[in-house]
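Please view the structure below before reading on.

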Amino acid sequence: MPTIKDSVHDHIEVTGVATELLDTPAMQRLRRISQLGTVSLVYPAANHTRLEHSIGVYALARRACEVLSIEGTARDELVAAALLHDVGHPPFSHNIEGLIHRETGKLHDDVLDIVSAGRVGETLRAYGLSPTRIADLIRGEGRYGQVISGDLDVDRMDYLLRDAHHTGVAYGTIDHERLVRALRFVDETLVFAAGNLQTAESLLLARALMNPTVYQHHVARIARRMLWAASERLLASTQTDASTLRRMDDVDLRARLRGESSTAPMMARIDERRLFKRAIWAEWAAVPAPVRAASDAERAALRTAIAERAEVAVAEVLLDVPSGPSMPEASTQIAVGDAIVSIAAASPLVQALQQTNEANWRLGVYTPASHRESVQRAAIEVLGLDTEQSILADRADSAIARLDQF
């Protein structure tokens with residue numbers, strides 16, 4: 001029985017189908033997919049991989065099966081799905097997933113084509129497991145899919161712990177053993193057992209604190225948008241298609257972007273950390289609703305309009321409009337007395353965290369430092385930003401100033 005020494009969960013025993021799945025090319029590819037992508041440009045130690053995370057999720061899923069008394073084939077399916085849950089990730093994890101979804105219609109959890117083919121499919125079938133059923137569990141479908149992908153999933157528990165460990169940001173440190181021990185099924189819904197409101201709050205608080213500090217740090221967002229722009233240019237200017245891009249690893253994509261004349265300058269900036277700077281960093285209330293809701297095509301047109309008004313090349317302006325603030329975890333169910341209610345209904349803290357999500361939301365316009373002022377003025381005009389609200393831009397690497405002059 002192989003035993004893996006993990007940086008977060010200590011010793012993890014690998015048994016059954018997992019021993020063979022680990023050695024498949026699809027799983028070994030995850031050694032070359034960074035867990036946090038461009039976040040490593042902010043936190044240099046954040047170089048952990050999707051393989052490490054997948055093994056951690058497998059370990060927590062095994063523990064959840066014990067707590068929830070999941071046995072037999074259902075247990076084997078669940079732990080296999082836990083180990084395989086990230087095999088669909090593109091290079092740099094979530095950083096260019098939206099681009100690939102736009103072109104292929106597939107997200108990282110759309111994995112039926114991967115788990116039913118090659119050695120993964122052969123291994124699953126040899127153990128009497130259905131690749132279709134595994135793919136359904138990875139998408140969070142059915143009673144047990146909630147353990148892998150749901151409001152209380154073991155995926156979230158592991159990545160918070162692991163990302164906190166590798167970035168050194170303690171906000172994500174959670175009591176994962178208590179969280180797993182608190183899981184219960186009520187009818188077909190996975191909930192936290194009565195008496196665990198603070199346990200549930202700790203999970204949501206960790207996620208809310210890690211989001212602006214790590215996952216949405218402005219430097220990581222700038223680099224992410226630069227990587228997106230380079231990858232988009234690769235698809236437009238070469239014969240590389242999105243399906244091929246989806247199955248690359250980080251090494252493949254870096255090499256391809258460095259080797260093409262149309263993408264090499266942007267990749268060099270990322271490699272050397274010569275990143276664009278913020279010309280605009282606007283709060284939710286400062287951004288007109290049509291801009292917040294703009295389609296990809298509309299955003300591309302806005303980006304072009306900003307560049308033309310600023311008289312700079314379109315490639316030197318990046319528009320970054322994140323999705324609207326939300327906290328789906330707030331719908332997590334918890335037993336309170338004889339009732340099952342959402343955490344948001346039971347917790348004033350969670351209600352406050354929902355408001356904080358909007359306060360942390362920012363629209364970004366990025367450009368080289370030499371163009372910052374012209375792009376800033378152009379963006380305010382083109383986007384129709386409300387200058388009475390907070391519109392922030394870093395005047396220097398160590399300063400952020402209010403644009404009161406506009």
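**Salt bridges and overall form**

Asp271 forms a salt bridge with Arg258, with the closest N and O atoms 2.8 Å apart; a salt bridge is a side-chain nitrogen of Lys or Arg within 4 Å of a carboxyl oxygen of Asp or Glu. Asp271 lies in helix H16 (residues 264-271) and Arg258 in helix H15 (residues 250-259), so the pair ties together parts that are 13 residues apart in sequence. The model is predicted: local features need pLDDT of at least 70 and side-chain atom pairs count only at pLDDT 80 or more, whereas totals for chains, interfaces and linings use all residues. Residues are numbered from 1 along each chain as its sequence is written, and side-chain values use heavy atoms, with hydrogens and water left out.

**Further salt bridges**

- Asp271 is partly exposed, with a relative accessible area of 32%, and Arg258 is also partly exposed, at 48% (buried means under 20% relative accessible area, exposed over 50%, partly exposed in between; 1.4 Å probe, protein chains only).
- Glu381 forms a salt bridge with Arg309, the closest N and O atoms being 3.0 Å apart.
- Glu381 belongs to helix H21 (residues 372-383) and Arg309 to helix H18 (residues 296-310), so this pair ties together parts 72 residues apart in sequence.
- Asp6, Asp158 and Arg162 are linked in a network of salt bridges.
- By this rule, the salt bridges number 22.

**Asp155**

- Asp155 is found in helix H10 (residues 154-167); helices (H or I, at least four residues) and strands (E, at least two) are DSSP runs, numbered from the N terminus.
- Asp155 is buried yet has no salt bridge, and the nearest side chain of opposite charge, Arg50, is 5.5 Å away (Lys and Arg count as positive and Asp and Glu as negative; His and the chain ends are not counted).
- The side chain of Asp155 makes a polar contact of 2.7 Å with that of His53 and a polar contact of 3.4 Å with that of His85.
- A polar contact is a pair of N or O atoms within 3.5 Å; within protein, one must be able to donate a hydrogen and the other to accept it, and residues adjacent in sequence count only if both atoms are side-chain atoms.

**Overall form**

- The protein has 21 helices and 11 strands.
- Buried residues make up 52% of the 406 residues.
- The C-alpha atoms fill a box of roughly 65 × 50 × 35 Å, taken along the principal axes.
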